[in-house]
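Me: I'm new to this structure and would like a close look at one part of it, the aromatic rings. Could you walk me through them?

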Amino acid sequence: MIGSHPVTARGRPRTITRERLSDAGIEITLPNVTILGIAAHLGVSAKALYKHVSGLEELKQQIAEDLFLRWELPPPAPDGGEGLESFMLSFSQSMWMLVERHPGIAPYILREDLITPAMMQKMEEHQKGVARIFGIPFTRANWLLFIVAYFCVSVADTVLPIKDGQEVLPQRGGLKRADWIKAQYDLGARALIVGSLATMDQIPEG
């Protein structure tokens, strides 16, 4: 619970590190991050935090960056045996889970003004790996992964969290609301991936 950790008034001041700031922010979740909330969570003063970040926006961006850098993007099979379509479906699932587990992350991985150089480097290294394993030009791997990530993260960020997720929907074959919405997401992601692969050769190779 935010604010449940009192600020330490006596004794040796607690050390504020980037890792501790990010751990606290990830636990609190980005939408709920405030300077006072993080300070209380760490047991330090808000004034002490301002020695490490200039304000709330910088703090949130730092948390989002560390969160994304810790996230394990699905690696393509070393021999490419799974097939590009299958890999992209795994990628779409990873994007859903990222947003589901870390609400508020979407703008930081979709908006160019919020993507940090470290985040961009991770994205590009992942794209280079996909290009190498599946034998496609980097420009096409870049386009394909961006298109799918943009769709998947945007949709997941719009529908999550699913209100009344355990509610049964008789008009949807008796599926629970959460299961039905996830099934529609999966269908949409598959359609996008199949269509993108079919038109990928229209993207310039360099």
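How many aromatic pairs does a search of the whole structure find?

Reply: Keep in mind that this is a predicted model. Searching the whole structure turns up three aromatic pairs. Let's take two of them in turn.

Start with phenylalanine 87 and phenylalanine 134. Their ring centres are 5.7 Å apart and their planes meet at 40 degrees, so this pair is tilted; edge-to-face would need an angle over 60 degrees. Now look at where the two rings come from. Phenylalanine 87 is in helix 5 (residues 84-101) while phenylalanine 134 is in helix 7 (residues 117-134), so the pair ties together parts that are 47 residues apart in sequence.

Next, phenylalanine 146 and tyrosine 150. Here the ring centres lie 5.5 Å apart with the planes at 50 degrees, so this pair is tilted as well. Both residues belong to helix 8 (residues 138-159), and because they are four residues apart there, about one helical turn separates them. Phenylalanine 146, at 43% relative accessibility, is partly exposed, and so is tyrosine 150, at 41%.

Lysine 122 lies over the face of phenylalanine 68, 5.1 Å from the ring centre. Over at tryptophan 96, the charged end of lysine 182 sits over the ring, 5.6 Å from its centre.

Key: Residues numbered from 1 in each chain as written. Predicted model: local features only at pLDDT ≥ 70, side-chain atom pairs only at ≥ 80, totals over all residues. Heavy atoms only, no water. Phe/Tyr/Trp six-rings, centres within 6.5 Å; stacked < 30°, edge-to-face > 60°. Helix = DSSP H or I, 4+ residues; strand = E, 2+ residues; numbered from the N terminus. Buried < 20%, exposed > 50% of the residue type's maximum accessible area, 1.4 Å probe, protein only. Lys NZ or Arg CZ within 6 Å of the ring centre and 35° of its normal.
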